[in-house]
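Here is a short briefing on one helix, its packing partners and a pocket. Keep the structure open while you read.

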Amino acid sequence: NNIILLKMYHFGKTTLSRLANGGSKYLKRWPDKPRILVFGPPNVPILKLSQRLAIDLGIPVLSMNQEFEKVKTLTGRNEDYNHPFFEKVKEILESGDQDLISKEKLGLKLLRISEYASEGFILHDFPHSIEDAESLEEMDGGMNA
């Protein structure tokens, strides 16, 4: 399982259309269950590219912000989220302490237990900090696998 990193600095409309329309040339060499991070500066169509890749690869697009919100909303209300781990995560998220969120590696921990962790995914709004990016190195071989 490799993590594929797409930096969206110089992706113009031509590159996007080549990836979306002629992507099969490139995607044949990709792993069966890829874990892809898509990120870039403001005003770059990160979500649009993520959605196009997800359709071609048949894997879901994940949003770490949505995963955090799901934990805050469902903890204590849903049987699947009725665990001390989720209660601790909810407490940390509600405190809003970004340093503690990174220090505790909450993003990585939620990715590991996600139903999509072994099936592949596209993540479009993570990492939030250098610490978050470094924590991804710990995920089953990390970025260099």
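In helix H7, the buried residues are Leu106, Gly107, Leu108, Leu110 and Leu111. The model is predicted. H7 spans residues 106-113 and also contributes to the lining of the largest pocket.

**Crossing of H5 and H7**
- Two packed helices are described by the angle between their axes and the distance between the axes.
- For H5 (residues 84-95) and H7, the axes come within 12 Å.
- They cross at roughly 145 degrees, and the crossing is left-handed.
- H5 brings Phe85, Phe86, Val89, Ile92 and Leu93 to the contact.
- H7 answers with Leu106, Lys109, Leu110 and Ile113.
- By type, the contact residues divide into eight nonpolar, no polar and one charged.

**The largest pocket**
- The volume of the largest pocket is about 180 Å³.
- Its lining consists of Glu67, Lys70, Val71, Asp80, Tyr81, Phe86, Leu110, Ile113, Ser114, Glu115 and Tyr116.
- Helices H4 (64-74) and H7 are the elements that give two or more residues to this lining.
- H4 supplies the largest share, three residues.
- The lining divides into six nonpolar, one polar and four charged residues.

Note on methods. Residues numbered from 1 in each chain as written. Predicted model: local features only at pLDDT ≥ 70, side-chain atom pairs only at ≥ 80, totals over all residues. Heavy atoms only, no water. 1 Å grid on protein atoms, 1.4 Å probe; cavity = no way out; pocket = protein on both sides within 12 Å on 5 of 7 lines; lining within 4 Å. Points joined across faces, edges and corners; volume = space filled by probe spheres on them. Helix = DSSP H or I, 4+ residues; strand = E, 2+ residues; numbered from the N terminus. Nonpolar A, V, L, I, M, F, W, Y, C, P; charged D, E, K, R; others polar. Axes fitted to C-alpha atoms, helices over the stretch in contact; angles between N-to-C directions. Left-handed = near helix turned anticlockwise from the far one by under 90°. Contact = heavy atoms within 4.5 Å. Buried < 20%, exposed > 50% of the residue type's maximum accessible area, 1.4 Å probe, protein only.
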